[in-house]
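Here is a brief structural report on a protein chain. Please look over the sequence and the structure before reading on.

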Amino acid sequence: MAMAKAKLVSVLLLALLIAISAISAKQVMAKEAAQYHLDSGSYGPGSLKSYQCPSQCARRCGQTQYHKPCMFFCQKCCAKCLCVPPGYYGNKAVCPCYNNWKTKRGGPKCP
């Protein structure tokens, strides 16, 4: 009988830990979404102020080995578009100006 109670308690504790883990993971994802201003109404051209460009570009270029050129072009694009896509790479569709600005050769200007 005592063994069955111990198993029941351990199963309940495991379920509680899983629930707490799921809740904390959800909160972390919500914080990241807020950090990258992913709300549907607050993204796109003009969603940033010019003084926010350096910090958003530092985030965008944070994991590249070509940090200086990335920062240069990102800040140039941000100054024009007032938008920087979320994440370190891709996601340019949420910022059409940033996505569609091309070099003379037709490649993407913005990182």
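## Overall fold

This is a predicted model. The protein chain has four helices and zero strands. In sequence order, the pattern reads α-α-α-α.

Contacts in the protein chain reach across the sequence. Among those with a separation of 6 or more, 52% join residues 24 or more positions apart.

## Surface and burial

The protein chain has 111 residues, and 23% of them count as buried. Its accessible surface is about 8,000 Å². Carbon and sulfur atoms contribute 65% of that surface.

## Nonpolar core

The largest nonpolar core holds 15 residues. Those touching the most other members are Cys57, Cys61, Cys74, Cys78, Val84 and Tyr98. At least two core residues come from each of α2 (53-60) and α3. The largest share belongs to α3, with six residues. In soluble globular proteins, nonpolar side chains tend to be buried together.

Cys61 also has contacts beyond its sequence neighbours. Leaving aside residues within four places, Cys61 is in contact with His67, Cys70, Met71 and Cys74.

## Lys92

Lys92 sits in the loop between α3 (67-81) and α4 (96-100). Is Lys92 buried or exposed? Lys92 counts as buried because its relative accessible area is 16%, and the cut-off for buried is under 20%.

Which residues does Lys92 touch, not counting those up to four places away in sequence? They are Arg60, Pro85, Tyr98, Asn99, Pro108, Cys110 and Pro111. One of these, Tyr98, is also among the core residues that touch the most other members.

Definitions and conventions: Residues numbered from 1 in each chain as written. Predicted model: local features only at pLDDT ≥ 70, side-chain atom pairs only at ≥ 80, totals over all residues. Heavy atoms only, no water. Buried < 20%, exposed > 50% of the residue type's maximum accessible area, 1.4 Å probe, protein only. Contact = heavy atoms within 4.5 Å. Areas by Shrake-Rupley, 256 points an atom, 1.4 Å probe, with all protein chains shown as cover. Core = buried A, V, L, I, M, F, W, Y, C linked by side-chain atoms within 4.5 Å.
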